[in-house]
2 protein chains.
Amino acid sequence: MASQQKTSRKAAATAAAIRRPQARTANGGAHAGEAGDDIGLDALVGHVGYAVRRFQLWIFQDFIKTLATVDIRPTQYSVMTVIGANPGLSQMAVAKRLGIERARLVHLLDSLEERDFVSRIPSATDRRSHALHLTARGKTALARFKRLAAEHERHVAEKIGKDNRERLLQILACFT
Amino acid sequence: MASQQKTSRKAAATAAAIRRPQARTANGGAHAGEAGDDIGLDALVGHVGYAVRRFQLWIFQDFIKTLATVDIRPTQYSVMTVIGANPGLSQMAVAKRLGIERARLVHLLDSLEERDFVSRIPSATDRRSHALHLTARGKTALARFKRLAAEHERHVAEKIGKDNRERLLQILACFT
DNA sequence: ATCAATTGTTGTCGTCAACAACAATCTTTC
DNA sequence: GAAAGATTGTTGTTGACGACAACAATTGAT
């Protein structure tokens, strides 16, 4: 055993690992094992991107959880909403409107069509494109989705405050 | 040729495709081929998650573009910032603080260690964990990153307004 | 009729979150 | 002090997602 005391842990400290036995951390208090609440973020606070990332993570998780019973993800919901409000759109138009790639929309529509929420009807005027419509089943389903989405939106209001939510929508309106 | 006029396009309208030749779109004006600006979003406007998703996409793209010369992505920047502000942290502590999985942090640190920005020093008190530090090269590099990140932050202020940016940071402070 | 552009589709690549396993090591408990 | 349980870093897989490159079919312009 004494022959190799640090065998495994594979490429643990491969390259660098300067191997200073008593390395001074220059930190004074050895933060290493703390709970994770009193760790400074320094410049990270003050970066909008970081805050937005954390917020978006939270909001998507809540959306997915709130709509878990109907198994609908945020992107799927946005696609069905746009088609529901504008029947007959082409895939290109939907993709451009929602800022998703048409390559990605193909799979999204495949899954929604498999579940009989959406149908691709060959366009009468352009034989390349499809006119997208909600099926009858899709329409009633979307109504239920919207009720659940409204519940999710209430969760958001509880989290950040009703007025802050309104302000957020107003500030970010130029991106929708 | 006349034998098969619709051969390929593979599983185009496979399943559903009700094939109504002159299907009334119930939309009045046949939106299908429009530029993509006057398409209603219906319930999507009013959903914080949708606005945040679009905003986060824009902000990350600008961050990546602004820091393209140094080839640093947002997550890498956040990791280096936290380590720089709290030397000696364990991987677990960093992951918990930034809300990223420790499994994911492994690869992030691998790349940062390969570029000699970060070093994993075996902890003196816990032989399972590593004490994370910036290398000398990493410290000077982070200083440049911060200048570029500040420039990115100015882009954000130009986009949404200086005061709106401040308000945003304030509203989302509870997530950082 | 010919050539460029558009539309849907397929494919690959890289990022990212989520989860499950595992070896090594610490911590608790008897 | 030894056994049982928890923690840390690691590897791997899965799936959603954005980006990009090709391609066939079709449309539109020259």
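**View 1. Cluster of aromatic rings formed by A:F55, A:W58 and B:F175.** In this predicted model, ring pairs join A:F55, A:W58 and B:F175 into a cluster.

**View 2. The tilted pair A:F55 and B:F175.** The ring centres of A:F55 and B:F175 are 4.9 Å apart, and their planes meet at 55°. Because planes under 30 degrees apart count as stacked and those over 60 as edge-to-face, the pair is classed as tilted. A:F55 belongs to helix α1 (residues 48-66) of chain A, whereas B:F175 is found in the segment after α6 (162-171) of chain B; the pair therefore joins two chains. A:F55 and B:F175 are both buried.

**View 3. The edge-to-face pair A:F117 and A:F145.** The rings of A:F117 and A:F145 form an aromatic pair with a centre-to-centre distance of 5.7 Å and an angle of 80° between the planes, an edge-to-face arrangement. A:F117 is located in the loop between α4 (102-114) and β1 (118-122) of chain A, and A:F145 in helix α5 (residues 136-160) of chain A, so the pair ties together parts that lie 28 residues apart in sequence. Both residues of this pair, A:F117 and A:F145, are buried.

**View 4. Confidence along chain A, with residues 1-36.** The average pLDDT of chain A is 82, and 77% of its residues score at least 70. In residues 1-36 of chain A, the pLDDT is below 50. Beyond near neighbours in sequence, this stretch has 22 contacts in the model.

Notes: Residues numbered from 1 in each chain as written. Chains lettered and ligands numbered in written order. Predicted model: local features only at pLDDT ≥ 70, side-chain atom pairs only at ≥ 80, totals over all residues. Heavy atoms only, no water. pLDDT = per-residue confidence, 0-100. Contact = heavy atoms within 4.5 Å. Phe/Tyr/Trp six-rings, centres within 6.5 Å; stacked < 30°, edge-to-face > 60°. Helix = DSSP H or I, 4+ residues; strand = E, 2+ residues; numbered from the N terminus. Buried < 20%, exposed > 50% of the residue type's maximum accessible area, 1.4 Å probe, protein only.
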